[in-house]
Amino acid sequence: MAAYSNFTGQSQRLLFRQLFEKESFTYTYLLADVGHPEKPAVLVDPVDKTVERDLNLVKELGLKLIYAVNTHVHADHITGTGLIKSKLPGVKSVLSKANDAKADHFVEHGDKLYFGDLFLEVRATPGHTVGCVTYVTGDGPDQPNPRMAFTGDALLIRGCGRTDFQGGSAHQLYNSVHSQIFTLPKETLLYPGHDYKGFSVTTVGEEVLYNTRLTKDEETFKNIMENLNLPYPKMIDIAVPANRVCGLQDSPAKAGA
């Protein structure tokens, strides 16, 4: 799946693609500042199985990939960051400092990650895992309008990520979403880490009204999350250890993972 950004004025400098990995239902996002001479680009949540596709697209569009960013340490797939770095050694991996994991560049709440003259603001949104962050496009006349937020598994379309492993907390997740995502302008476009029903994008305004879990009061939300009875993630024992060392780059399969 691919999509152009639909922005006006100066923000037309943003090139945007939404890409999909069908086995884990994961979205990867490509953003680039095409108004900058080098056309610097960022990949959010790349998947190992689609690295070749993503890098071919980067090449075709004449972009310079500078960051491979993860919203959290994933349990349902292996990040493509390690493979990307093996093919493009200049790319830096990015992850929240709150994760017990390896990366070239660690970010914290309030940080800004620049690619050309555009940037992503880091918002800590723990709850699905202890290290989840949401990346939000900048606020300003030369930044994309409406703003865009890449929520990972913290907020899904009409739902949210589970909170029963990797230090998850329903209390934390509820407060993260309400304080860091629902406080964005209502027209802000929300792009999730996954979707299982064929949706691709939502808005803050929509989720405030229609999210089946996060529109409830906190106690009701906690009760919902405690009674999901979801199966143990089939990839977790492989994905989490690999993703803590930047995907395949240093794991047992380069060493075996």
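These legends walk through several close-up views of one predicted model.

Residues are numbered from 1 along each chain as its sequence is written. Because the model is predicted, local features need pLDDT of at least 70 and side-chain atom pairs count only at pLDDT 80 or more, while totals for chains, interfaces and linings use all residues, and side-chain values use heavy atoms, with hydrogens and water left out.

**View 1. The whole protein, as a starting point.**
The protein holds six helices and 12 strands; these are DSSP runs numbered from the N terminus, with helices (H or I) of at least four residues and strands (E) of at least two. Buried residues make up 53% of its 257 residues. Here buried means under 20% relative accessible area, exposed means over 50%, and partly exposed lies in between, using a 1.4 Å probe and protein chains only. Take the contacts between residues at least 6 apart in sequence: 61% of them join residues at least 24 apart. A contact means heavy atoms within 4.5 Å.

In soluble globular proteins, nonpolar side chains tend to be buried together.

**View 2. The neighbours of Tyr29.**
Leaving aside residues up to four places away in sequence, Tyr29 touches Phe16, Arg17, Gln18, Val42, Leu43, Val44, Phe150, Tyr191, Pro192 and Ser200.

**View 3. Helix H3 meeting helix H5.**
The axes of H3 (residues 170-181) and H5 (residues 218-226) come within 9 Å and cross at roughly 130°. Axes are lines fitted to C-alpha atoms, for helices over the stretch in contact, and angles run from 0 to 180 degrees between N-to-C directions. H3 and H5 are therefore oblique to each other; angles under 35 degrees count as roughly parallel, over 145 as roughly antiparallel, 65 to 115 as roughly perpendicular and the rest as oblique. On the H3 side, look for Ala170, His171, Leu173, Tyr174 and Asn175, which meet Glu218, Phe221, Lys222 and Met225 of H5. The residues of this contact divide into five nonpolar, two polar and two charged. In this grouping Ala, Val, Leu, Ile, Met, Phe, Trp, Tyr, Cys and Pro count as nonpolar, Asp, Glu, Lys and Arg as charged, and the others, Gly among them, as polar.

**View 4. Leu57 in helix H1.**
Leu57 belongs to helix H1 and counts as buried at 17% relative accessibility. Its contacts are Arg17, Leu19 and Leu30, not counting residues up to four places away in sequence. Leu57 and Leu30 lie 27 residues apart along the chain, and their C-alpha atoms are separated by 9.3 Å.

**View 5. Two residues with positive phi.**
Phe25 sits in the loop between E1 and E2 and has a phi near 55°, a positive value in a residue other than glycine. Asp45, in the loop between E3 and helix H1 (51-60), likewise is not a glycine and has a positive phi of about 55°.

**View 6. The loop between E9 and E10.**
Pro146 is found in this loop, and a cis peptide bond with omega of about 5° joins Asn145 to Pro146. Asp142 has its place in the loop too and is partly exposed, with a relative accessible area of 34%.

**View 7. Thr203 in strand E12.**
Thr203 is part of strand E12 (residues 202-203), and its relative accessible area of 17% makes it buried. Thr203 touches Lys186, Glu187, Thr188, Leu189 and Leu190, again not counting residues up to four places away in sequence.
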